[in-house]
There are 2 protein chains.
Amino acid sequence: MSNLLLRNVRPMAGDNCDVLIKDGKIAGFGQFAPEPGMPVEDGGNSIVIPGLIDAHTHLDKTTWGMPWHENNRAAVLRERIDFERENRSAIGIDPHRQSMRHAIGLAAHGATHIRSHVDIDPTHGLSIVEGVWETREKLRGIIDIEIVAFPQSGVMVMPGTTELLDEALRQGCEVLGGIDPCGIDRDPKGQLDIIFALAVKHQRPIDIHLHEAADLGAFTMELIFERIRAHGMQGKVAISHAFALGMNDYIRVGKLIDELVALDVAILTTGAPSAAVPSVMRLKEAGIRVGGGCDGIRDTWGPWGQPDMLDRAKIIGMKNGLRKDRELEHVLHIVSQGGADVMQIEGYGLKVGCTADLTLLTGETLAHAVVDIGPRPLVVKGGRITARQGQAVVDMP
Amino acid sequence: MSNLLLRNVRPMAGDNCDVLIKDGKIAGFGQFAPEPGMPVEDGGNSIVIPGLIDAHTHLDKTTWGMPWHENNRAAVLRERIDFERENRSAIGIDPHRQSMRHAIGLAAHGATHIRSHVDIDPTHGLSIVEGVWETREKLRGIIDIEIVAFPQSGVMVMPGTTELLDEALRQGCEVLGGIDPCGIDRDPKGQLDIIFALAVKHQRPIDIHLHEAADLGAFTMELIFERIRAHGMQGKVAISHAFALGMNDYIRVGKLIDELVALDVAILTTGAPSAAVPSVMRLKEAGIRVGGGCDGIRDTWGPWGQPDMLDRAKIIGMKNGLRKDRELEHVLHIVSQGGADVMQIEGYGLKVGCTADLTLLTGETLAHAVVDIGPRPLVVKGGRITARQGQAVVDMP
């Protein structure tokens, strides 16, 4: 772990000072003379925050850096899933190379941690996860990657998937995923019983995709709540997307939120522009842990997205109609501390003793930095410089 | 007007060729030898399209390039309007300087035409319009600016505004604006009768802001339709925002669309991320003229936005849930030809004889170019180069 004297920065847009980093941890804020042999960096009076976090993405799916993937297919969720599973190899979406590109892009834009769902299905077995594991090892010290064993194609409708998830958890996937137990799997009791049993067996947290909207999604959330209570998994479950919380029924959503609070369920949002999404300000008021994610970027599902959590902060902020400085500050919180709260990252933060995972931002204030979206002047991971002016220190393959 | 041989480009992402420009107009596509004294540019195999068009913006409002404007005020429309009118001078939002920055930013990102609403109210008289007129003169040959005389603060609730609009049209504003006859003015018959009478008197088109949603907005649209019929203003009216068309009632919206078609009313959309917006694909199927606009960027209303019509294309595309290549091509159409259709710009297009207003884009295909949002390699206005690699040939003040 590295030593570094980072001079001339403004922690959380506050007063200018130096940040002293020893053995990869923040050792102090103030004015320091460099110790012999200690590298010194001038932060140019930039804002410094703890590293950005992409807490919901799909490292294994992007076509970034590949020839343009033309897509005039129907936009049906099941068809998107099947097309990808059946064609990803032929298209040339190599899980290792593409996850390297995606993760390095995120690091270049200031991210220091990723939670990535990675597809597991009988067609590919664990080969896709293995490709992303290779990326995780190569990028150790650049960006931390947590992997969700993700049954993208379903569990009940895809025999053999349960055993693969079991094996993936045994081999070290940190989190267990799930997806639309009604919409995709057509058997909510079936999928959720299996997912919770596997999570209990391996003592791993759950992060389930829930695109199901309105009453259907609320029903599935209730089934999840029942199983959290039954298995004592309070504080160990996250729901990604949670579009049901975007339904136009203030009172019904309030009841769901009460349960999220009681069971300490976390929410991950991508601010999906064309869907009904949870109100991040309402979740904040309730005290729910909320992180943000880029989701897929430029994949066979759709062409949009950038490997940049400030780009995503803009999407989340605009979707939620946020305009006040205080609200913009909260959006920045979601794509940094919020993700750490969901992933329960130890030592994350901008305090003495925290790991020195830092991102420098341009702007006068935190709100200004969120909307300005300029290249990040500097990114630091464990005290080591990992990117400068939007360029990572490692090249994309 | 200028001559130029633009080599090595792909018109609308088609086959590579040269574009010959004489006297500011497109003289031919093919392979040409430069004539003596004719400037030659290499387009680097970029895509070339006709210039991007921002058909709904507010050049007079931005704080771009000024100190960060902190905003923790309530997000009530009437309060935003009154705060801006009462404080814009004190904040230092000089209409000329700020409209220069905004317009040059748009030109740097490939726009060749702007329709800007400009505030007219009894507090400022025509002084704000005069500032933007000065910008229009200074930027002649860089970007064309069409000005909408815009009663931002209302007509009926702001005595003296009617006379100012009359004078603004007399002095040369090309279009007459209006705003939320119910929501802002509390007297829909009153405002609309005045607006239509002024438009008829000066023989000018109308472009009215309509944030009113659902049934209220539909009612106002019906009042507008009645007056278009009464005054024979078919083809001369545009509705900006038109959130009522985003209401969740397919049949009711269909009836409104039938009237838009019958009366050739144009729609301008900004893809407002937190509102219910018109479906651009449904409007396309109906054959309605649709343009796009950046709306306000970083002003006292809100912090978001860039002076970049590809950034806006992304917002419109994501909001509409568009993912197919054919759909992305339509989004590009909206921010180029669509704007020209609404503004009825003569000589616009990528054909022999059209004005040589051209924007180069990076990307393999048009769809790729829309999501890539790289710096525009080159922008040409009337055959003259106005921007290179995202930098305009004129400096921002």
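How do strand β8 (residues 175-179) and strand β9 (residues 206-209) of chain A pair, in the parallel or the antiparallel sense? They pair in the parallel sense, over four bridges. Strands here are DSSP E runs of at least two residues and helices are H or I runs of at least four, numbered from the N terminus; two strands pair if DSSP finds at least two bridges between them. Within this pair, A:Ile179 has A:His209 of β9(A) as its bridge partner.

This is a predicted model, where local features need pLDDT of at least 70, side-chain atom pairs count only at pLDDT 80 or more, and totals for chains, interfaces and linings use all residues. Residues are numbered from 1 along each chain as its sequence is written, chains are lettered from A and ligands numbered from 1 in the order written, and side-chain values use heavy atoms, leaving out hydrogens and water.

Now let us see the whole sheet. Eight strands of chain A form an open, parallel sheet in the order β5-β6-β7-β8-β9-β10-β11-β12. The two edge strands each have a single partner, so one side of each is left without a neighbour in the sheet.

| Edge strand | Residues |
|---|---|
| β5 (chain A) | 52-57 |
| β12 (chain A) | 290-292 |

Next comes the meeting of the chains. The contact (heavy atoms within 4.5 Å) takes 40 residues from chain A and 40 residues from chain B. The rule finds four salt bridges across this interface, a salt bridge being a side-chain nitrogen of Lys or Arg within 4 Å of a carboxyl oxygen of Asp or Glu. A:Lys314 and B:Asp311 meet in a salt bridge, at 2.6 Å from N to O.
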